[in-house]
Amino acid sequence: MKLLKDILYGVSLSAVSGDTNVMVNNVHFDSRKVEMDDVFVAIRGTLTDGHKFIQKAVDSGARAIVCEELPEIMVNGVTYLQVNNCNSALAVIASNFYDNPSKNLKLVGVTGTNGKTTVTTLLYNLFKKAGFKVGLISTIKVLVDDKEFKTTHTTPDVLTINNYLSMMNEAGVEFCFMEVSSHGIHQKRAEGLYFEGAIFTNLSHDHLDYHKTFAEYRDTKKELFDGLPKTAFALVNIDDKNGLVMLQNTRAKKYTYALKTFADYRAQILEKQFNGQLLKVDDNELWSKLIGDFNAYNLLAIYATADILGLEKMETLRLMSELENVDGRFQYYISKDKITAIVDYAHTPDALKNVLITINALRTGNENVITVVGCGGDRDKSKRPVMGHIASEMSNQAIFTSDNPRTESPAAIIEEMETGVEAQNVRKVLSIENRKQAIRTACKLAVANDIILVAGKGHETYQETNGVRVDFDDFKEIKEALESLKK
């Protein structure tokens, strides 16, 4: 148990009713989890308001309530704490409750539209290869050194984050690499954490259903850098015009990386093949199994971070040459009929364009590129016609299909994608709502040396419709289809 006033250290309180010199058992923002002597924090969410469940939490035995508006009826023996922002308060409380675990390791946050999972995962793998105990908090999974936990959000809630970091402390973890999403920043899930540094990969069209404008989306990302202490580092991609924006107002030591412009860390692509690419990094050559310009940026970010954190440069390059692709990120399979299948998480216009640019740069021109792509439901609708345009413009054949429709009609989502298809490309587009059937159709259309791209879901092994998730693995589906449809 913890003393209430100790876990409130650093929280800005507007009003207090009751005793803070009491012992509390746990902290929750979900009233259904509250038990005797717990603290309940009333979070205002996008779907519901935690203030509606204050009495329920009290009835379940809550010892303290943190809220933005004090309830009209306050129960004797319960401490009520009024704050301006419950999300911010929860972040500080969570960190205090777990004894500020981020102070005891080197935590590096990675933000940007694309590349977060690849950069964090490969940094984890690199530092593991270098002999360190390492932690990872990513879209795909959480790793506490070698112990794996499944995740459901890019940036978990702040209590979960601090719990994982506390476990990392116990395991002797020295470095932790963490994806930091714009949602996570906006909802204060990264507050109360002590970052050793932050990395900005790039910024493009995404999450405008949540942030409403691109400027708001960009400025939310920037908050991570604005909050860094002067002892931290800020590493940004300055080939993206938003890179320098991230560095404005930060107190951290500033570093830049780029392929096209002058920067602290630079790389050049010397050779591209389907099985890898040759890079020149700081006048040294590096052969990597990861291909594409976007991966060249990811690798450069990894190299720069390792150097900033004190790893020896030549050893870093040696270890980088051993790194493998992350699941669902340009993951490819070549069938016996010499058809190349590529599965990629590309679910934004920029990511889809980058993957297709990479594919088209590697082909001889005699192969067809067949792209299977959909857009998620209950998400930014404005990117749907853009995705439709890119897929139809940059492929010989595009098949529009269902992604995770969630509560929306799959057919309606596909229709919105079709509005982005220009007249000259209409003949290249098929719309097949069933994703399994769309993938099998692509395999039937393909002949030797053709390339099939299945985009949008990547590492995800499910499809979500009306709150129900069913098993669905793009890589497994296309591999089975190609093997069963041998020409």
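Mentor: Start with Arg384, which is found in helix 13. Helices (H or I, at least four residues) and strands (E, at least two) are DSSP runs, numbered from the N terminus. This is a predicted model, where local features need pLDDT of at least 70, side-chain atom pairs count only at pLDDT 80 or more, and totals for chains, interfaces and linings use all residues. Residues are numbered from 1 along each chain as its sequence is written, and side-chain values use heavy atoms, with hydrogens and water left out.

Trainee: Is Arg384 buried or exposed?
Mentor: Arg384 is buried, because its relative accessible area is 0%. Buried means under 20% relative accessible area, exposed over 50%, and partly exposed in between (1.4 Å probe, protein chains only).

Trainee: Which side chain makes a polar contact with the side chain of Arg384?
Mentor: That of Glu408, at 2.7 Å. A polar contact is a pair of N or O atoms within 3.5 Å; within protein, one must be able to donate a hydrogen and the other to accept it, and residues adjacent in sequence count only if both atoms are side-chain atoms.

Trainee: And what else does Arg384 touch?
Mentor: Leaving out residues up to four places away in sequence, the list includes Cys375, Asp378, Arg379, Ile413 and Met417. Contact means heavy atoms within 4.5 Å. Ile414 is 30 residues from Arg384 along the chain, and their C-alpha atoms are separated by 8.1 Å.

Trainee: At what angle do helix 12 and helix 13 pack?
Mentor: About 5°, with the axes of helix 12 (residues 349-362) and helix 13 (residues 384-394) 9 Å apart. Therefore helix 12 is roughly parallel to helix 13. Axes are lines fitted to C-alpha atoms, for helices over the stretch in contact, and angles run from 0 to 180 degrees between N-to-C directions. Under 35 degrees counts as roughly parallel, over 145 as roughly antiparallel, 65 to 115 as roughly perpendicular and the rest as oblique.

Trainee: Which residues make that contact?
Mentor: Helix 12 gives Pro349, Leu352, Lys353, Leu356, Ile357 and Asn360. Helix 13 gives Val386, Met387, Ile390, Ala391 and Met394. They divide into nine nonpolar, one polar and one charged. Ala, Val, Leu, Ile, Met, Phe, Trp, Tyr, Cys and Pro count as nonpolar, Asp, Glu, Lys and Arg as charged, and the others, Gly among them, as polar.

Trainee: How far apart are its end C-alpha atoms?
Mentor: The ends of helix 3 (residues 86-97) are 16 Å apart, which agrees with the 16 Å its twelve residues should span at 1.5 Å a residue. The expected span is 1.5 Å times one less than the number of residues.

Trainee: What happens at the start of helix 3?
Mentor: A side-chain oxygen of Asn85 reaches to within 2.9 Å of the backbone nitrogen of Asn87. Just after helix 3, Asp99 takes a positive phi of about 65°.

Trainee: Where does Glu68 lie?
Mentor: In the loop between strand 6 (64-67) and strand 7 (79-83). A polar contact of 2.9 Å joins its side chain to that of Arg44.

Trainee: Last one. Is Asn249 buried or exposed?
Mentor: Asn249 counts as exposed, because its relative accessibility is 62%. Its phi is near 75°, a positive value in a residue other than glycine.
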